[in-house]
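Here's a quick walk through one protein model.

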Amino acid sequence: GVRDDGTDTFNPDPEKYPNGLKYIAEKIREAGFIPALWIGFTNDVSHNKYTKEHPEIILTQKASWCGQYFYDFSHPEFLEEFLPMALKQVFDWGFEAVKFDTLPLAIDYHDEFHHNMYDPSLSTREAYRNMIKKTREYLGKDMYMLSCSCAKDADILWAADIFDAGRVGQDIFKWDEFIQEG
């Protein structure tokens, strides 16, 4: 969750991916599969070049399993500059599908630090939904986009119509609970 070795949204771990992520996507494609990438563009494990130059897009710094710098869904620079730049990186690497994770925790932090939002007049739900709409707009309608669903209505329902599917797994909750919540 917390790193200071240069690994961030734009720079994969050089020990795990010495040839980079474009190489990984190519190898996946060569094996006859569709390259898909786990993304968590609601936060980062360390400051990246963009956040160093634009710290105002950071909602809060709070260490967690997925990172420590959480982005403000309502900030125009996050929506209009950072998010398209991060998503362009996915295309440049050659991935054709994404799983957008870290959403449940980022929603919680937007509730907890709502007063830090660029536009606190927006509800967390409105800011989240706007961010997912922008993500879909930048990715395009043909890019498969899987959400990270969790055990509360926010994660499952707030943008279900924008995603292609929602991930369900025993580490999150049981199928019966998903049916009950969803």
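Predicted model: local features only at pLDDT ≥ 70, side-chain atom pairs only at ≥ 80, totals over all residues.

## Confidence and ground rules

The protein has an average pLDDT (the predictor's confidence in each residue, from 0 to 100) of 90, and 90% of the residues score at least 70. Helix H1 (residues 20-30) has the highest confidence, at 98, while helix H6 (residues 153-157) has the lowest, at a mean of 65.

Residues are numbered from 1 along each chain as its sequence is written, and side-chain values use heavy atoms, with hydrogens and water left out. Helices (H or I, at least four residues) and strands (E, at least two) are DSSP runs, numbered from the N terminus.

## Helix H4 and His110

Helix H4 (residues 103-112) is mostly covered, with seven of its 10 residues buried; buried means under 20% relative accessible area, exposed over 50%, and partly exposed in between (1.4 Å probe, protein chains only). The buried ones are Leu103, Pro104, Leu105, Ala106, Ile107, Tyr109 and His110.

His110 counts as buried because its relative accessibility is 1%. Leaving aside neighbours within four places in sequence, His110 is in contact (heavy atoms within 4.5 Å) with Leu59, Tyr71, Asp72, Phe73, Met117 and Thr124.

## How H3 and H5 cross

The axes of helix H3 (residues 76-93) and helix H5 (residues 124-139) come within 10 Å and cross at roughly 45°. That makes H3 oblique to H5: angles under 35 degrees count as roughly parallel, over 145 as roughly antiparallel, 65 to 115 as roughly perpendicular and the rest as oblique. The axes are lines fitted to C-alpha atoms, for helices over the stretch in contact, with angles from 0 to 180 degrees between N-to-C directions.

On the H3 side, Phe78, Leu79, Glu80, Leu83, Pro84, Leu87 and Phe91 meet Met131, Lys134, Thr135, Tyr138 and Leu139 of H5. The residues of this contact split into nine nonpolar (Ala, Val, Leu, Ile, Met, Phe, Trp, Tyr, Cys and Pro), one polar (the others, Gly among them) and two charged (Asp, Glu, Lys and Arg).

Gly94 lies in the loop between H3 and strand S5 (97-100). With a relative accessible area of 18%, Gly94 is buried. Not counting residues up to four places away in sequence, Gly94 touches Ala25, Arg29 and Pro35.
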